[in-house]
Amino acid sequence: MSVKEKLKHIIRRPTFLYHLRFQLLSKFETKESVSELYYNVLNPISEIPQYFFEINNKIFANQTNELNDLEKAETIARWMINNIKRGRGLGLPSEDTIKIMTLEKGGVCSDFAQVFNNLCVINNIKVKEWGFKSISKNKHIRGGHSFNEFYCKNLGKWILIDTYKCIFFYKKDSNIPLSVFELFDTLKENGKVIFKNIEPTYLTDPIRVKDVYLSSNSVPFLITNYHNKTYDCYLKKFNFLPVFFTHGIVYLLGKSYKFLFIREIYFQSKTE
């Protein structure tokens, strides 16, 4: 990254302001209290931008059989990892984000998670977006990571999926993917956890997965109250401002998303 690009990044994403935002948006909840907090509640299919439907048609163009929720999620993840180009964080309205990610270079884990959110809504799959807050001294993983969880009706459970890394997590000797809570409960009990790539041609660095997911330095939080239509509106209206300031305006209007840390997991990590 050139000096000019670094300066532009600092202006667009000032670190100290992001730390302040994180403190303002964070609160504690319990596992039970977040059970029905999922993305679809505030984001009905009627509000998903049209371009996502065009992408969805491409994703399932060759499908002749009816798929269950797990198979749909796997199909979306495989398409994303094979067709979306990675790059810088975008901070754009959702339709512009998916266009840039499929036509040009751009998109970090949070962009992948947001695209997956909207594609799940189109396919009538309940979906959540999660983040990790990492306090690691390793600069390559410090800061965090975004991923998703979707509800699989045929299995009757939530399943953690990371479309950016294209992986599921499993208990050893099990072929049923874990939920977020199951992952951390298994780790708490010192159980053996493995991950598998959803797309066989894409291999994820196991050390990276261990550092991000299986480290006591990583604490998950649920991202809630994100209204895609609201953020699209303000990101378009104030596209001349750095992204952080637009998010600040939404916060001051009382329409901001929230970061919900789970008490049982957060305080467990603090005692390890």
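Phe112 counts as buried, because its relative accessibility is 0% and buried means under 20% relative accessible area, with exposed over 50% and partly exposed in between (1.4 Å probe, protein chains only). The model is predicted, so local features need pLDDT of at least 70 and side-chain atom pairs count only at pLDDT 80 or more, while totals for chains, interfaces and linings use all residues. Residues are numbered from 1 along each chain as its sequence is written, and side-chain values use heavy atoms, with hydrogens and water left out. Buried residues make up 49% of the 272 residues in the protein.

**Overall composition**

- The secondary structure comes to eleven helices and eight strands; helices (H or I, at least four residues) and strands (E, at least two) are DSSP runs, numbered from the N terminus.
- Of the contacts in the protein with a separation of 6 or more, 65% are between residues 24 or more positions apart; a contact means heavy atoms within 4.5 Å.
- The protein exposes about 14300 Å², and carbon and sulfur atoms supply 53% of it. Accessible areas come from the Shrake-Rupley method with a 1.4 Å probe, and for residues only the protein chains shown count as cover.

**Nonpolar cores**

- In soluble globular proteins, nonpolar side chains tend to be buried together.
- The largest nonpolar core has 50 residues, and Met80, Phe116, Leu119 and Phe150 have the most contacts inside it. A nonpolar core is a set of buried Ala, Val, Leu, Ile, Met, Phe, Trp, Tyr and Cys residues joined through side-chain atoms within 4.5 Å.
- Helix α6 (residues 109–122) gives the most to this core, with eight residues.
- Apart from this core lies another, of 20 residues, including Val34, Phe147, Val180 and Val212.
- Leaving aside neighbours within four places in sequence, Leu119 is in contact with Phe52, Ile55, Asn56, Ile59, Ile76 and Met80.

**Aromatic rings and charges**

- A search of the whole structure finds 22 aromatic pairs. Rings of Phe, Tyr and Trp (its six-membered ring) pair if their centres lie within 6.5 Å; planes under 30 degrees apart count as stacked, over 60 as edge-to-face and the rest as tilted.
- The ring centres of Phe112 and Tyr164 are 5.0 Å apart and their planes are at 90°, so this pair is edge-to-face.
- Phe112 lies in helix α6 and Tyr164 in the loop between β4 (157–161) and β5 (167–171), so the pair ties together parts that are 52 residues apart in sequence.
- Tyr164 is buried as well, with a relative accessible area of 19%.
- Tyr234 and Phe238 form a stacked pair, with 6.2 Å centre to centre and 10° between the planes. Tyr234 is buried at a relative accessible area of 14%, and Phe238 is buried at 19%.
- Ring pairs also link Phe28, Phe221, Tyr226, Tyr231, Tyr257, Phe259 and Phe261 into a cluster.
- The charged end of Arg86 sits over the ring of Tyr164, 3.9 Å from its centre. A charge sits over a ring if NZ of Lys or CZ of Arg is within 6 Å of the ring centre and within 35 degrees of the ring normal.
- The charged end of Lys128 sits over the ring of Trp158, 4.4 Å from its centre.

**Asn123**

- Asn123 is found in the loop between α6 and β2 (127–134), and Asn123 counts as buried at 11% relative accessibility.
- The side chain of Asn123 makes a polar contact with the side chain of Asn56 (2.8 Å). A polar contact is a pair of N or O atoms within 3.5 Å; within protein, one must be able to donate a hydrogen and the other to accept it, and residues adjacent in sequence count only if both atoms are side-chain atoms.
- A polar atom of the Asn123 side chain lies 2.8 Å from the backbone oxygen of Leu119.
- Not counting residues up to four places away in sequence, Asn123 touches Asn56, Phe60, Lys72 and Ile76.

- In helix α5 (residues 94–103), the buried residues are Ser94, Thr97, Ile98, Ile100, Met101 and Thr102.
- The cover over the buried residues of α5 includes α3 (50–59), α4 (69–83), α6 and α9 (228–237).
- In α7, Val180, Phe181, Leu183, Phe184 and Thr186 are buried.
- Thr186 has a relative accessible area of 5%, and its C-alpha atom is separated by 7.7 Å from that of Lys171, 15 residues apart along the chain.
- Just after α7, Asn190 takes a positive phi of about 60°.
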